[in-house]
Amino acid sequence: MSTSYDREREVALHAVRKAATLCQAVQSQIDPSVIEKEDRTPVTVADFGSQALICNALREAFPDDPIIAEEDSSALRKNQGVLLQVTQQVQQIRSGVTPNTVCSWIDKGNAGEYSDRFWTLDPIDGTKGFVRGDQYAIALALVVDGVPQVAALACPNLPADLDDDDAPTGQAFIAVRGDGAYQVSLNGEDDSGTRIHTSDAETPANGRFTDSFVSAHSAHDMAKETGQRLGITADPIRMDSQAKYAIVARGDAEIYFRLPRPGTNYTEKIWDHAAGMLVVEMAGGTVTDVNGDPLDFTHAPLLTENTGIVATNGHFHDQVLDALEMD
Ligand SMILES: Nc1ncnc2c1ncn2[C@@H]1O[C@H](COP(=O)(O)O)[C@@H](O)[C@H]1OP(=O)(O)O
Ligand SMILES: [Mg+2]
Ligand SMILES: [Mg+2]
Ligand SMILES: [Mg+2]
């Protein structure tokens, strides 16, 4: 029996749209001196505000669903100045809300561990990109029996067309398992959007790959060498956040590499991959870890069983894994 997730899709899309409005308002007020001083207050305000709005929307629509989200309010409760700023931002969207209520909404996201049905949320993915004014994402997914079923991935700074400087920015990517992936304008009223597909390239040569902007998050050298072995000559598309999954899903890049740096031992978080993975899969692509294993969400909040990530357009995934020469 197939399950319809129409209501989950609608609620998730609406929630990430509202959170994106808050994040855009905060980002537009960032003073360049904040970046020089490395003051993280703006991204903190947007992070907490985004999580409060989305957790509340889920709480209202699906009161019994646990949420495993990245942030919790303990640090915020100790910083009244920042809490006031978060509350003021949330009030722009939900008037009259108090600081205490904002904290309680944030903590609705602290389910902590795996269950048969839960939501996972990264209220701002790519915080470094957010502060720089580059790419970031708001990533929400519903996981049922360990498998992502519904994804809403908002990319407020992503252009509709990467190669067109004048293209409008602000896209959301919506996917329901078994029902395709769609690109929806973040700022419009249309909820259905346009169906997207991965690139139809049958070989990786002459294709493009994307990896992290921040070199500490993924081994840039290894990605480049692997790309060369595959005949890729184009420069990588380096960007922050799960926007990388989105550009593979809509065919702007053939491959996304997230490769562990030698000597480091980082365990990926579920909220950094659940939404992006489903969008790529429903657009026709394939997502595994660097060993070719499927991502295992049953050890939430961590992907303890996986190492790194490889996403492709789905036409030559094994060839890409072979070229990584992991063993
Ligand atoms: N050492 C690391 N290796 C891989 N990913 C990391 C590492 N440190 C942090 N991250 C996470 O990578 C994500 C963004 O990476 P990118 O934008 O390069 O794709 C963030 O969710 C970030 O977590 P956090 O949100 O806690 O900063
Ligand atoms: Mg993240
Ligand atoms: Mg985050
Ligand atoms: Mg973080």
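Domain bounds here come from an automatic or database domain assignment. In this predicted model, the protein is divided into domain 1 (6-196) and domain 2 (209-324). The C-alpha centres of domain 1 and domain 2 lie 22 Å apart.

**Contact between the domains**

- Domain 1 puts 36 residues into the contact, and domain 2 puts in 28 residues.
- On the side of domain 1 that touches domain 2, the elements giving two or more residues include strand S2 (117-125), helix H7 (127-132), strand S3 (137-144) and strand S4 (147-159).
- Strand S4 gives the most to this side of domain 1, with six residues.
- Sorted by class, the side of domain 1 that touches domain 2 has 21 nonpolar, eight polar and seven charged residues.

**Nonpolar core**

- In soluble globular proteins, nonpolar side chains tend to be buried together.
- The largest nonpolar core has 100 residues, and those touching the most other members are Val16, Leu140, Ala141, Ala152, Leu153, Ala154 and Val279.
- Each of domain 1 (6-196) and domain 2 (209-324) supplies at least three residues to this core.
- Leaving aside residues up to four places away in sequence, Ala141 touches Trp119, Thr120, Pro148, Val150, Ala151, Ala274, Ala275 and Leu278.

**Helix H3**

- Helix H3 covers residues 41-61, which is 21 residues.
- At 1.5 Å a residue, H3 should span 30 Å, and its end C-alpha atoms are 30 Å apart, so the two values agree.
- H3 is mostly covered, with 16 of its 21 residues buried.

Notes. Residues are numbered from 1 along each chain as its sequence is written. Chains are lettered from A and ligands numbered from 1 in the order in which they are written. This is a predicted model: local features need pLDDT of at least 70, side-chain atom pairs count only at pLDDT 80 or more; totals for chains, interfaces and linings use all residues. A nonpolar core is a set of buried Ala, Val, Leu, Ile, Met, Phe, Trp, Tyr and Cys residues joined through C-beta atoms within 7 Å. A residue is buried if 20 or more other C-beta atoms lie within 10 Å of its own, exposed if 12 or fewer, and partly exposed in between; C-beta atoms are placed from the backbone. Two residues are in contact if their C-beta atoms, placed from the backbone, lie within 7 Å. Helices (H or I, at least four residues) and strands (E, at least two) are DSSP runs, numbered from the N terminus. The expected span of a helix is 1.5 Å times one less than its number of residues. Ala, Val, Leu, Ile, Met, Phe, Trp, Tyr, Cys and Pro count as nonpolar, Asp, Glu, Lys and Arg as charged, and the others, Gly among them, as polar.
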